[in-house]
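Here is a short briefing on selected features of one model. Please read it beside the sequence and the coordinates.

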Amino acid sequence: MNNDNQTTKKQPFIEIKGISKHFGDFVAVNKVDLTIFKGELFSILGASGSGKTTLLRVMAGLATPTEGSVVIDGIDMTHIPPYERPVNIMFQNYALFPHMTVFDNVAYGLKKEKMPKEEIKSKVAQMLELVKLSEYSHRKPDQLSGGQSQRVALARALVKQPKVLLLDEPMAALDKKLKQNTAFELVNIQEELGVTFIIVTHDQEEAMTLSDRIAVMEEGQFLQIGPPSEIYENPRSKFIADFVGNINMFAATILSKQTNKIVVNCPTLGGQHEIDFDGSIADDIESITLAIRPEKIMIDNQLSGSENTYIKGIVEDFGYFGNLSIYRVKTSDGNIIQVSKQNRYRSERVISWDDEVYLSWEPSNLLLLTE
Amino acid sequence: MSTVLTSMDATFRERLWKKFIVFIPYLWLLLFFLTPFLIVLKISFADPLVAQPPFTPLFQKSVETGLSIYTTFDNYLYLFQDSLYLVTYINSVKLAFISTCFCLMIGYPIAYGIARSPQPTRNILLLMVVVPFWISFLLRVYAWMGILKTKGLLNGFLLWTGIIDQPLELLYTDTAVYIGMIYSYLPFMILPLYANLEKLDIRLLEAAADLGARPWKVFKDITFPLSIPGVIAGCLLVFIPAIGEYVIPALLGGADTLMIGRLLFDEFFLNRDWPVASAVAIVLLMLLVLPIVYFQKRQNQELLEQQ
C-alpha cells in the first residue's frame, strides 16, 4: 500500500449511484446514492426491512441491482460476479464451512487465488495470530464459541486483503460484554490494516462505537448521513431522533422567525424559548417539535439558583440502572419527560416516587425538528 | 418413609417402561430377522436330502453315538468350485454398482433442482418423483417390456424418426435390465439426496463465491462434500436391493443375465437344493454386511479423531 494515506483519504473510494433493488412489487432499496472514502469505517443503520442488507448484498455482488451502478476504486463493478470483486463479506451468522477446520476456512479464499502453499500457510497463521486464534487452527466450526466463530469469519474475509470488507450485523450474536471488547478489537484491526469497513447493523450503539460515519436507512432510502455525534446531536427528523437514542419530543408553536433564531412557545417546557436555528423553514409552518435528550436535563428536588430555565414536575416512575437512574417526570400539563441522571455518589439523596422536582437545562440543548 | 418408597417405585417403574419400549423393536428384529437368518445359516451347513424337509437335520440321534451334531462345509466349497456362482456374484455386484452410479448421476441433478426450486413447485416435483409408487411395481416392469420389445414403442418411434432402419434388440438383454433397474431405483436415490440438499445453507455457497470460488468450485468444495451423507444413504438404498433383485432381470433380462436373485430362485424351486441355496444367500449377506460394517467403523473412528 502507498504511504500517502492522508492525501488519498478523501478520494471517493466506493460510489453507489442511483441503486435500486426491486423484489417483484416490493422496493427494497430505492434510488440510493452514497460515497464512501478509503479507509473509512462506515455504518448503515436501520431497522429490519429497511433495505440495508440488500444494499450490502448489491455491493458484494450477491444481488444484482434493478438499476444504478456500484463503482469501487474507479472500476464499475455492477455486473462483476462476487468471485471477481475485491470485496469480502462477513455474514451475520458467519457462514463458516462446517466440514473444514479453522485453518482451511481461513485458507479457502487464498486457495482459490492459486497462491503457493507455503505462502498460504504463513498468511493464514499471521491472520489467526491477529484474531488470537492460533491455537484453534485444527478445530472445526462446531467446536468454537460464538466469539471465536466471529473472529474466524473476520479472519477468513480479511486474509484476502479485500479493498472493502462488508460486515453484516457483525456483533448481533454476541453477548453484551463480548460486544464491547469486540468493538474495540474491530476498530484496532481496521486501523492496523487500513481496509475500508462497511457495517450493516440495527444496533445504534454498535454503529455509534464503531463508525466514522453513519447512514440512517429507512424504507430503502437514506435519511441522514454523518458522523455519530452529528446524527445524535443534530438529527434531521423526528424519526432519526427517536431511532438513535432516547429523546423527549413536545409540540410547540412558532411565535417569530429571525435570522438564525426562532422563538417558539412550548407549554410543556414552560413557555417561550429562543432557539438558534440556521436551517430554512417554510413560512406557512406554525407548529413544530421541540426535543431534548434525557441526559441533557438536570433533575433535583431543590433549586440551586443558577438555572436559566426550569420547570416543576412530579416523579411518576423511576428506574435504577446502577450507573444511572432514569426518571419519568409528569409536568403540570400532564406530559411525561424522561430524564437520566448519573449516580455520581455512592450515597446520594434519593429522588423517589411522587417527589416534586425541578427540571432544568441549558437552552442550547433544545433541538428544533421540522420533519 | 412410605413416600420415599412410592417415589422409588415410580422411578423403577419408569425405567422398566423405558427398557420395555426399547426392547420391542429388538424383539421384532430378533423374531423376524435373526431367527430366519439362523435357520438359513443352519440349513447352509446341511446336506441335501430327497425328503421333507429336503436337508439333513442339525442334531442327529442314533443308537451308537447318542446325540451328535452334523455340519458340513460342502455347500460353501461347492460355491467356490463351480465358477458359475463366482461369475454370478461378480455379475450381480457389477450390475448393482453400475445401476447405482447411473442413479447417482441422474438423481443428483434432479434432487438438486428440486431442492433449489421455489416452495410450491418443489412439492409438485417431489410428488412427481413419488407418483410411480402408486402403480404396482410389476405393472411398471411389464410396461417397460412393452416399450423395449422389438415392435415396441421405443423401436417404433426410432424407426419413425429414421434414426435407425433396423429395430434394436433391447428386450432380454443386459441393457434392458439396466434401464429397468435405474428406472425402478431412481426415487430411492433422489429422496435421501433431496432431504440432504434441501437443508444446505445458501449462505455457505454465497460465502464461497464471495471468497473467489466460481460456481463449479462452489459445488465441488461446498455443496458436494456437505451432501456426502445423502449420497451414501442414496447409494446404499439403491445398491442393496439392486444386488439381490429378482423380478427385473427375470422379466427384462435374457437367459444369459446371471443374477444372484435368479440363481437363488432356481436353486430353491427348480433344483430343490435348499442347503446350496442357503449358502448362496449367506454369502450374499456377508458380501453386503461386511463392507457396511467396515465403513461404519471407519466413520466412527473419524468422528472420534475429530474429538
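The notes below concern a predicted model and cover domains, a sheet and a helix.

**Domains of chain B**
- Contact between the two involves six residues of domain 1 of chain B and seven residues of domain 2 of chain B.
- On the side of domain 1 of chain B that touches domain 2 of chain B, there are six nonpolar residues, no polar residues and no charged residues.

**A sheet in chain A**
- Five strands of chain A form an open sheet in the order β13-β12-β11-β14-β20, with antiparallel pairing.
- At the edges are β13 (271-276) and β20 (367-369) of chain A, each of which pairs on one side only.
- On average, neighbouring strands of this sheet are turned by 45 degrees against each other, direction ignored.
- Within the sheet, β11 (residues 248-258) and β12 (residues 261-266) of chain A are joined by five bridges in the antiparallel sense.
- Thr253(A) has Asn265(A), in β12(A), as its bridge partner.

**Helix α8 of chain B**
- Helix α8 (residues 202-210) of chain B is largely enclosed by the rest of the structure, because seven of its nine residues are buried.
- The buried residues of α8(B) include Leu204(B), Leu205(B), Glu206(B) and Asp210(B).
- These buried residues of α8(B) pack against α2 (52-60) and β6 (87-90) of chain A, and also against α9 (215-243) of chain B.

How values were computed. Residues are numbered from 1 along each chain as its sequence is written. Chains are lettered from A and ligands numbered from 1 in the order in which they are written. This is a predicted model: local features need pLDDT of at least 70, side-chain atom pairs count only at pLDDT 80 or more; totals for chains, interfaces and linings use all residues. Ala, Val, Leu, Ile, Met, Phe, Trp, Tyr, Cys and Pro count as nonpolar, Asp, Glu, Lys and Arg as charged, and the others, Gly among them, as polar. Two strands pair if DSSP finds at least two bridges between them. Helices (H or I, at least four residues) and strands (E, at least two) are DSSP runs, numbered from the N terminus. Axes are lines fitted to C-alpha atoms, for helices over the stretch in contact, and angles run from 0 to 180 degrees between N-to-C directions. A residue is buried if 20 or more other C-beta atoms lie within 10 Å of its own, exposed if 12 or fewer, and partly exposed in between; C-beta atoms are placed from the backbone.
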